Amino acid sequence: MAEEKIEVMYSEEEVNARIRELGAQISADLKGEPVKLVCVLKGASFFACELAKRLTVPVYMDFMYVSSYGNGTESSGNVRITKDLDAPIEGENVLIEEDII
């Protein structure tokens with residue numbers, strides 16, 4: 001069996017540098033105001049945590065779990081919320097981290 005090679009598109013250093021840039025830009029845009037970072041589980045969780053570490057404003061995290069696949073491998077087109085937010089977000093600065101769209 002032939003050994004498969006994985007092509008690295010961006011180095012870890014490049015990814016970290018870009019996340020730092022995003023954290024700095026978001027923090028500057030918020031001008032010290034807190035932000036609620038809403039992570040849509042599961043795929044976005046690692047990125048959301050890395051970004052949260054680089055924000056210089058107060059960060060509050062909450063999580064949602066949504067699915068449109070059911071038991072299959074193709075989207076049904078119907079989105080189900082299986083875990084909703086724990087706290088309301090009305091009137092807050094909200095940043096949604098997700099990997100679906």
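Which backbone nitrogen does the side chain of Asp62 reach, and at what distance? I started my notebook with that one: it is the backbone nitrogen of Asp86, at 2.8 Å. I count a polar contact when N or O atoms pair within 3.5 Å; within protein, one must be able to donate a hydrogen and the other to accept it, and residues adjacent in sequence count only if both atoms are side-chain atoms.

**Ground rules.** I am working on a predicted model, where local features need pLDDT of at least 70, side-chain atom pairs count only at pLDDT 80 or more, and totals for chains, interfaces and linings use all residues. Residues are numbered from 1 along each chain as its sequence is written, and side-chain values use heavy atoms, with hydrogens and water left out.

**Confidence.** I looked up pLDDT, the predictor's confidence in each residue from 0 to 100. The protein chain averages 90, and 89% of the residues score at least 70. Helix α1 (residues 12-30) comes out highest at 97, while strand β3 (residues 80-83) is lowest at a mean of 88. My helices (H or I, at least four residues) and strands (E, at least two) are DSSP runs, numbered from the N terminus.

Asp62 sits in strand β2. I have Asp62 down as buried, because its relative accessible area is 3%. My cut-offs, with a 1.4 Å probe and protein chains only: buried is under 20% relative accessible area, exposed is over 50%, and partly exposed is in between. Leaving out residues up to four places away in sequence, I find Asp62 touching Lys36, Leu37, Val38, Cys39, Lys83, Leu85, Asp86 and Ala87. Contact here means heavy atoms within 4.5 Å.

**Salt bridges.** I call it a salt bridge when a side-chain nitrogen of Lys or Arg is within 4 Å of a carboxyl oxygen of Asp or Glu. That rule gives me 6 salt bridges. One of them joins Lys83 to Asp62, with the closest N and O atoms 4.0 Å apart. This pair links distant parts of the chain, from Lys83 in strand β3 to Asp62 in strand β2 (residues 59-67), 21 residues apart. Lys83 also meets the side chain of Asp86 in a salt bridge, at 3.0 Å from N to O. I noted Lys83 as partly exposed at 27% relative accessibility, and Asp86 as exposed at 65%.

Next I checked Glu50 and Lys53, which form a salt bridge with the closest N and O atoms 3.1 Å apart. They are 3 residues apart in helix α2 (residues 45-54), so about one helical turn separates them. Glu50 is partly exposed at 25%, whereas Lys53 is exposed at 59%.

**Strands.** I found β1 (residues 35-41) pairing with β4 in the parallel sense over 4 bridges; DSSP must find at least two bridges for a pair. Leu37 stands opposite Leu95 in β4.

Most residues other than glycine have a negative phi, and most peptide bonds are trans. Lys31 is in the loop between α1 and β1 and is exposed at 72%. I also flagged the cis peptide bond joining Leu41 and Lys42, with omega about 10°. Lys42 is in the loop between β1 and α2.
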